[in-house]
Amino acid sequence: MTSTSSRGTPDRTPPTPPMSPAQPTPSTSRTQSGPRNPPGPRRPPTAGLCLVLAAVLAASVVAGVALGPVSIPFGDVLRFLAAALTGGTIDAAEAGPYRIVWDIRLPRVLLAAVVGAGLSVVGVAIQAMVRNALADPYVLGISSGASVGATAVVTTGLFASLGVYALSTAAFLAALAAMALVYVVAGRDLAPLRLVLTGTALAYGFSAVAMLLVFQSPRGEAARAAMFWLLGSLGGVTWGSLPVAAAVVLAGVAYLRTRAKHLNALSMGDETATTLGIDVPRTRKALFGVTAAMTGVLVAVSGAVGFVGLMLPHLVRLTVGADHRKVLAVAPLAGACFLIWVDVAARLLAAPEELPLGVITAALGVPCFILLMRRRGYVFGGR
């Protein structure tokens with residue numbers, strides 16, 4: 001018996017028309033169109049960005065050689081460099097500017113590029129290794145240990161028989177000793193929190209020793225030179241300072257590039273890295289050794305240049321994303337360009353005097369550090 005409505009007509013549900021293939025169901029439409037969240041920012045191609053940065057780096061090297069208390073025209077710089085590389089001749093009247101370009105400024109600019117590249121790459125590796133976005137190459141205490149050796153040379157004349165290599169040799173040996181001490185105190189597993197706390201605590205101790213040496217130095221000029229070095233400086237750089245630092249940085253960058261996937265896994269946590277088949281303790285030990293050795297060499301030739309290894313990794317990640325294969329390709333070039341211009345500013349802002357590099361990098365790095373903390377919700381009610 002068919003039910004009827006109040007009007008007496010049959011109450012029948014009309015048949016549903018067949019769905020056309022061209023009209024997907026609402027659920028199918030949402031699935032095909034993807035999530036409703038807006039797409040992330042478009043990243044520039046890594047290869048293209050590296051080419052652009054390489055061109056910027058070449059131009060920065062030329063500009064860094066040309067600019068200074070005594071400016072040299074860009075055309076003359078290119079002509080002097082071409083003559084030096086091809087064995088050309090220079091007029092006797094141009095011997096002075098040629099010596100400034102080839103013997104003084106070019107090794108300094110190239111070392112600035114090497115140090116900037118090395119600190120940037122070490123910062124990337126350490127931030128992944130300890131899973132702390134606010135870590136930098138000096139969080140391990142290696143630079144503070146190197147500072148003790150360098151300060152001892154300046155204030156007491158230690159290793160005076162080594163001549164111009166005395167300071168860098170003492171700084172590197174002290175950095176190795178600090179690395180060994182951090183390794184012993186932090187424990188063989190090098191757990192991230194224990195490693196950071198150990199490095200920070202020992203850094204304070206090493207800094208206190210260095211300050212004590214400066215305070216007790218009977219020579220005021222030696223104390224001033226020690227403080228200048230502690231803030232970072234490329235003054236007095238010669239060609240002899242470049243080969244070892246360049247070789248160590250190139251080898252370190254090449255090694256870390258081969259461990260990019262390991263860094264990706266470590267940045268997600270030890271448990272995730274273990275499930276991906278990575279031997280976490282062994283990998284962290286290898287990364288600690290490489291980054292500590294690179295930091296020791298860089299501090300030995302340039303002093304403690306702060307904030308480079310903190311700022312540049314984050315700026316690069318904002319540009320290319322968090323994949324360490326891309327970050328480790330871009331970070332060395334970005335760091336090299338950055339420190340070249342920091343060195344130019346250090347030479348020009350107080351000419352004919354010279355500012356320590358750490359003064360410039362701190363002026364740029366402190367606001368950057370505060371912004372990073374704000375992004376992580378630590379200050380000013382950030383997210």
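Me: How many disulfides does the count come to?

Reply: This is a predicted model, and the count of disulfides in it comes to zero. A disulfide requires two cysteine sulfur atoms within 2.5 Å of each other. Among the cysteines, Cys50 has a relative accessible area of 17% and is therefore buried. Cys337 also counts as buried, at 8% relative accessibility.

Me: How is the packing of two helices described?

Reply: Two packed helices are described by the angle between their axes and by the distance between those axes.

Me: Which residues of α10 and α14 make the contact?

Reply: From α10, the contact involves Ala260, Lys261, Leu263, Asn264 and Ser267, while α14 contributes His324, Arg325 and Leu328.

Me: Let us turn to charged side chains. How many salt bridges does a search of the whole structure find?

Reply: The general idea is that side chains of opposite charge can pair when their charged atoms come close. The search of the whole structure finds nine salt bridges. One of them joins Asp323 and Arg325, with 2.8 Å from N to O. Asp323 counts as partly exposed at 21% relative accessibility, and Arg325 is partly exposed as well, with a relative accessible area of 46%.

Me: Which residue forms a salt bridge with Glu354, and where do the two lie in the chain?

Reply: The partner of Glu354 is Arg108, and their closest N and O atoms are 2.6 Å apart. This pair links distant parts of the chain, 246 residues apart: Glu354 lies in the loop between α14 and α15 (357–375), and Arg108 in helix α4 (residues 95–129). Glu354 is partly exposed, with a relative accessible area of 26%, whereas Arg108 is buried at 9%.

Me: What does the salt bridge between Asp270 and Arg131 link?

Reply: The side chains of Asp270 and Arg131 meet at 2.9 Å, N to O. They too link distant parts of the chain: Asp270 is in helix α11 (residues 270–275) and Arg131 in the loop between α4 and α5 (142–156), 139 residues apart. Asp270 is partly exposed at 25% relative accessibility, and Arg131 is partly exposed at 39%.

Definitions and conventions. Residues are numbered from 1 along each chain as its sequence is written. This is a predicted model: local features need pLDDT of at least 70, side-chain atom pairs count only at pLDDT 80 or more; totals for chains, interfaces and linings use all residues. Side-chain values use heavy atoms; hydrogens and water are left out. Contact means heavy atoms within 4.5 Å. Helices (H or I, at least four residues) and strands (E, at least two) are DSSP runs, numbered from the N terminus. Buried means under 20% relative accessible area, exposed over 50%, partly exposed in between (1.4 Å probe, protein chains only). A salt bridge is a side-chain nitrogen of Lys or Arg within 4 Å of a carboxyl oxygen of Asp or Glu.
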